[in-house]
Structures are given as structure tokens and as C-alpha cells.
Amino acid sequence: MRAREIRAKFLSFFKEKKHEIVASAPLVVKDDPTLMFINAGMNQFKDYFLGNKKAKIARIADTQKCLRVSGKHNDLEEVGIDTYHHTMFEMLGNWSFGDYFKKEAIAWAWELLTKEFGLPANRIYATVFGGDKTDGLQPDNEAYEFWKLLLPEDRILYGSKKDNFWEMGDTGPCGPCSELHIDLRPESEVSKLPGRDLVNADHPQVIEIWNLVFIQFNRKANGDLENLPDKHVDTGMGFERLVMAIQGKTSNYDTDVFTPLIDFVAQKAGVKYGAKEETDIALRVIVDHVRAVAFTIADGQLPSNTGAGYVIRRILRRAVRYGFNYLNFSEPFIYELLPVLADQFDDVFPELKAQLDFISKVIREEEVSFLRTLENGLKRLDEWIRDTENWAYFGPTLSGGKKGEGRPLISGGKVFVLHDTYGIPKDLTCLILKEKDKLKYLKEDWEDEFEAYLQMQKNRSKSDAAQEKGDWIILREDAEVEFTGYETLVTESKIIRYREIKEKKKTIFQIVLEKTPFYAESGGQVGDTGFIEANGEKIHIFDTQKENELIIQYSEKLPSDLHATFRCVVDEKKRILTENNHSATHLLQEALRIVLGDHVQQRGSFVNEKLLRFDFSHFSKVTDEELDKIEHIVNAKIRENIALDEKQHVPIDQAKSMGATALFGEKYGKFVRVITFDPEYSVELCGGTHVPMTGQIGLLKIISESSIAAGVRRIEAITADAAEEYVDKNIKLLNQIRVLFNNPKDLVKVVENAVDEKNRLAKQIEQIQFEQAGLVKKRLIEKADRSFGITAIIEEVKLPSADTLKKIAFELKNQFDDLLMILAADVGGKPQIAIMISESLISKYDMNAGNMVRTLAKEIKGGGGGQPFYATAGGKDLNGLQKVVSKANEMLGELLKD
């Protein structure tokens, strides 16, 4: 049975059991501060478990894209090394929200595995929760009795709290779980040692394939457990492991989930999978990681230097590194896997094929960038090797150190710099040093120092993210939140729950209102601010956020009377300005498509009361002429004063038939909200707030256009008052320039003439400086010291520019093939040093200009560096130039003495 057939059978089985089949949520989490990526099938249903929302459908099944690379669930370093860990994987799952419980979940799991999929019943083991004295919990004998109807008791095992009690986090819904394990070993091994002895023992052929979680408790902040009013079922089965078991393989990577990708990379690299362990690991790393990166980009997250984007960049760079190091790929190659990957998932995750060109270009650009960074890191390592060798050859002074200093071995701190800045892990650094026979250059305690730096970095991250959340204090049971902010900015409401949050020595409060006019940050639009008041007391609301679907208001203090009826008021000015910018993004997106083409897709946005930022797919710079056209179209639509047409609770299929623009990476339900400004112009699915008429926007002015990633451009624009102020400011600036040039008729021509005159004068100055440089160079040649068999020029000079200094250095280098030049220069009143060494001296004496200039720079209270043949430095102390000359002569004396 092929992988796609296995997936389809799972979904059809539960469809027959009256489950609704729902789409996977996007990998990137947007409204849950506790998660960066979806890491379990249940994530998109958290609101039901937390009681924030009542499930409208009691039975659900799906296949969910998951990513485990950060936090508690971090499998990254195991991926590729073994044959069963993955970053991105599919989680098959079925859920019951207050409907069926243990009996049905257990019976259906057994039926599907043994009857539908035909897995051998005598190789399957079930585990159940064995109780926990700390929590005062008894063994899950209920689940045990249900398993007894299907399995002999020697294949039903009690497990620990660690293995058989599932918890969402430190607080929240939790409960006992029952795992299904299968023994895939050959009969010869099974006869020697029964599978029950290897369950949860990390044996690669005795594996967990399905976890049935019975959610019946809530963990409070103080650690206590309380019963939930409704009991739920949450199951998760690793798709890749299931396919391995059904297809009779010993590794997930041997199934048709991965073999098409492995075959492609192996052929390109000229290797055979299974022939050599190190190339096998590299192949597994690459085919796993391309899935994680491609799906995350498809769901809207671009590689970057922060947050989720940084995680994706790390994953991609790990794959590139393995290809570079073990498969000899020195050019981009991962992006070429995308067509193979897209074909594999076209029936279940069509977003890959729909964005194939875009994702490929983003990945290729990332590969190019990292290969360049990797090369720079390797150059840095070479410099450190040379530093050590120079010390060994010359001693500390000539190699850039001080008398009495020890040999500059490569420290753990330097290995960490390669790891953190250049993406070169410590094992690769060791491998490179071993290949160069330079392992002896590592400090003896380098590993301890490396781990210390790594831990410091982790501690900083933990400190930044540290947050202590109290339990929700429920004031009104079973109350649901209603958002009224589309219709009004003022609402009377009651508080239904609140909790205290402590972070960075500051205490704030989260407040949930039964009816709220405050818009919670989502879809790129910032959250509302304002206040709530009752009994003469006013509480400032400084932000509004969503946790899953729960709207939460943030304040720095709680009201005195928590049971009062509050008047809730949104900051009207901020909301109106924000709406101007949000509606303008809708007008802008369609204008971009008209001018640039239908390939334009939104890749992100941010709107607040000050500006709008719109990211979109496009592979070249938007020209000034194109920007003018885009701006003209948007402002024409603003002047048309088009009325907002807002439709709520529109069936998703109907919205699509209306031509509504949907965003990749967004999770849409059965019913959506459609925002239209002229059905022939802009129709979008959107949950944000908007202007009633486009005329309210007033004016849109584009203030910048730039690239933020491969194939992604960013436009920043302002509207209304900010746009008017921008135009006024620039008109005033233009008038000031007119006055400076005596109000000419043709201002552009006059400015062009002034620029031409400036350039002409600059060339004259350059010619004068050139002549001065010639005189200085002539004087330096006359004063050259050739008494020791080399041409040594060590002098203090005064020059007009750094370019002149460089020009002299290179001209002297071309004139002498045995040159050692050290110039201490006064350049426009600032001290500079330049060192030039002929290649013949570098090879003969193993000299290094970079090391020497760093030593001399201390005399002018500065720093610098460069290459072995040429290096420069700048400083603050002009009076130190004579000391530079003296120190340089001293260094030369030591060299010639040796």
C-alpha cells in the first residue's frame, strides 16, 4: 500500500465513523504565544480543550503538518543521525469533544490497525497509565479493561507518568494516555527477546505508532488537578512510522514518503544510499529538512534572523552544511528538490505546487547566501590557524602578540563564533582541523568553554522569554466572548475571567470581557487600546491580543470591583487611523496586481495608526514609474469614495466563487468574512476593521520600496494626516531649495549644473592629491632602507585621504618584489596605519600584515586588520604615530636579527 493510499484510508475510516475531515492548520502559529510552530495535531483545537470555545462538531479527523525543532519538542539534532526522527512530519488524528471516550477510541484504533491496515495483531502492544502518587492518581484500569477485550494481558503494559500521562504544558488540560507500539523485528530476534521488554526503550524497530490521549483533567498553576466538565479524546499517529510498519520497512526513510527525494539527491551527488554511513546521514538530513523548510515557507514564514524565521534558516543551513561537507555540493541544490516534493503532496497539501516557483527561488537565494557565509567562516578559521603558526615561527611580537604571551590556540569561544555567526557546528570545525592535521591547535579546555558560551546564550533566551502565568480566575462560568468592535467602539460588558502575568519584574493583568469592542491583534492589524470604567474608576487597556480565539485585554492593574458592569471604550483616533491604513492595504494589493501581474501574492502585512507595511511576492525591484502607477490607482480608488461592503458568515466556497483573495498560510473555517471595495476591484477574506468609505483614507503616499527576502518586496506607505504632513514637509523642503538657488525657472537644470560643478572640482582636487601622492611616494622610495636585503619603508606621512594612502601602498608593492612597508599616516587629522608586504617575504618569513597592524594600532588607540599582504588600522590618538614608527622599527629589528 502506497503512502498516499494509507493516508486516504485513515481519513475514510473515520469519515465512516461520523467524523468530519478538516484541513491541516498552517505550520506557523499566529495567535498562540506559547507556540512558534504547530507541533501536535491537537494545537488547532486548543480552544475547545481550554474551554474558550464550544466545539460545533463533536467528531473530527485530519492529517496535520507538524514541526518539532524548538522548545520541549526538539528533535533537530537527532534528525538524520537515526532513521526515525523528523523535523516536519504528518500527524494523523481523530478527536472527540465531549462525545465518545476510551471505549470507542480504543476499539477503533485496534480495528483500523489490524483489520483495515492488516498489521499483525500479535506484534502490537498497548500501554496504559500506571498511576502517580504525587498527583494522587490511580492506574487507568478503565483503559486496561477495554484493552483486555482485544489483547492478552501480557501485551498490555502499565507505563509511568512520563510516558503515559499527557500534558499540554505546565498548566491546562491533561490526562492519561494509551500508546500503541509495534514490534517490527525479524522473528529470529523476537524469539530471543519479547517485544514487551523493548517498549519505550528507544529500539528503532519497536516503536510507538499511535497515542490515544484521554483528556479529563485541568492542571492548575499550583500543580493541582481538577476534573474537566467534559471529557475529550485526542489521538495522534505518526504518518511516517505508520507507513514504515505497513510497508514492512526498517526505516522511515526506506518508505515511499522519502525514497523519491533520496534517489534524486543521491543521483545528483553520485552516491548510493546505504553504501556509507556519513553520506546516508547527509541524505536523510537533506530530504527531511527540505520538507520542513518548503512547507513553512508555503505557510507564510520566510527565513530570517529572528523568531520562527531564524528556526527555518537554521534548518535549511543544516541541510546545506551536510550537502557541502559530505556530498561535495558547493553550489545551491536543495531548491531543485521542490518539484519532486510538490508532486508527492499534490493530493493533500496543494499549496506546495501552487507556490512552487516562489518557494524554489526563496530557498535558492538562502542557499547562495549561506554558502557565502560558510566560505567566510572557513576563511576566519584559516586566519586563526595562521595566528597560531605565526606565533610558533616568530614568537609573540611579530605574530601580533606581546612578549610573554602564550601561544594563541583556538579557544572554545572562537569555535562558538564559528557556530553562532557562520553556522559552522563544532563537529565540522573539528573535522576541518583534523583534515588539516591541526587538531593540536585547539585549546585543551575548548569544549567546556564552548558549552559555557552555548549555555549563556540559552540562558539569555530563557530570561527574555521568562513569564509566570497565574491560573485564570473564572468569574462567570460558561460565558462566551462576543466581539462588538465591527459595529461600535463603546460597549457595556462584564469581566468573565482574568489572570496575573509576571515578566521581567513587572506585573500585568489579562482581562477577558463578555462583550468587547477591542480588536485583538491579528491579520497584521495591531490590537486596540482604550479603557474600561465603572464606579468612577478608569482602567487603561494598553493592548489587546488573541490566545488562540480568546480575546484578551491587557492592563497594568485590576478594577476594584471585578463584578461591576464596565463601559468599554476603544481609542477612537487610533482605531480610525489604523483602519485607514488597513483598508489602504486592500486597495494597494489590487493595484500591485494590476501593475506588476497576477503573480503578486501577499506575504505579510503590518498596519497601525502610523503606517502600513505590505510584503508581496515579486522578483525584481519595483521601478519608480511602476510605483507612481500603483500610487495613482490607489488614490483614484480613494477619491471614488467606495462604500465598504462587509459580509459576515459567508460559506467559504461561496466566498471563493465571489473571487475573494485568500492568503497562503491562513486557516479559514467553514464560514468567513468578506471585505469588498468594489466587486470589480478588491474582494478579500479579512477579519480586520475597515473604513466605511474609501474617501476617509484621504491620500496614500508610498515612502519606501525594498527587498526583505528572495522574491519578496516590501512597500511602506502612509495615509490621511501622515500622508498630508509628508507632502507638506517635502513641498517646504523643495521651496527652501528654490530659495537657495534664487528661484530659478528650471530648478532641476540648476541643481544638475551644481552637481556637475561639484564633480568637476572634485576631479581637480583628486588630480592635486594624485600629484601630492607622487611626491610622497618619491620621497619614500628615496628613504627606503635596503641594508638587510629587503626594501623596508617605515615612515610617518601626511596625506589628504585614505584612498591616497592605499594608492601609494599598492604602487610601491608593484615597484618592489621584496617590500615591507609600514606607514603611520595623518589623514585629514586622523591617525591611520597601512602595512604592505610582498608575497616573497610572506612565504619566506611567514609574515602577516593583519597580525602586525593589530599590534601597532594599540599605539594610536585603535584597531584594524586585513589580509596577510595588506592591512590597515585607524585610531583616535594622532600623537601616537611616532610611536608606531618606533614600534615598527623594533619589530623589523627582531625579524632581521632572527
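Me: Which residue in E9 does Ile124 stand opposite?
Reply: Ile182. Keep in mind that this is a predicted model.

Me: In what sense do E6 and E9 pair, and over how many bridges?
Reply: Antiparallel, over four bridges. E6 covers residues 124-129, and E9 covers residues 172-183.

Me: And E7, does that run parallel or antiparallel to E6?
Reply: Parallel. Four bridges join E6 to E7, residues 156-159.

Me: Which residue is the bridge partner of Phe129 in E7?
Reply: Gly159.

Me: How many of the E6 residues are buried?
Reply: Six of six, so the strand is mostly covered, with buried meaning under 20% relative accessible area.

Me: Which residues point which way from E6?
Reply: Ile124, Ala126 and Val128 point one way. Tyr125, Thr127 and Phe129 point the other way. Both sets are buried.

Me: Why the two sets?
Reply: In a regular strand, side chains alternate between the two faces of the sheet.

Me: Switching to charge. Which residues form the negative surface patch?
Reply: Glu444, Asp445, Glu447 and Asp448.

Me: Where is Asp448 found?
Reply: In helix H16, residues 446-465.

Me: Is Asp448 buried or exposed?
Reply: Exposed, because its relative accessibility is 61% and the cut-off for exposed is over 50%.

Me: Now the whole protein. How many helices and strands?
Reply: 25 helices and 35 strands. The protein has 898 residues, and 50% of them count as buried.

Me: What box do the C-alpha atoms fill?
Reply: Roughly 100 × 85 × 55 Å, along the principal axes.

Methods
Residues numbered from 1 in each chain as written. Predicted model: local features only at pLDDT ≥ 70, side-chain atom pairs only at ≥ 80, totals over all residues. Heavy atoms only, no water. Patch = residues over 30% accessible without salt bridge, like charges linked within 9 Å, V, L, I, M, F, W, Y side chains within 5 Å. Areas by Shrake-Rupley, 256 points an atom, 1.4 Å probe, with all protein chains shown as cover. Salt bridge = Lys/Arg side-chain N within 4 Å of Asp/Glu carboxyl O. Lys, Arg positive; Asp, Glu negative; His and termini not counted. Charge placed at Lys NZ, Arg CZ, Asp CG, Glu CD. Helix = DSSP H or I, 4+ residues; strand = E, 2+ residues; numbered from the N terminus. Buried < 20%, exposed > 50% of the residue type's maximum accessible area, 1.4 Å probe, protein only. Pairing = 2+ DSSP bridges.
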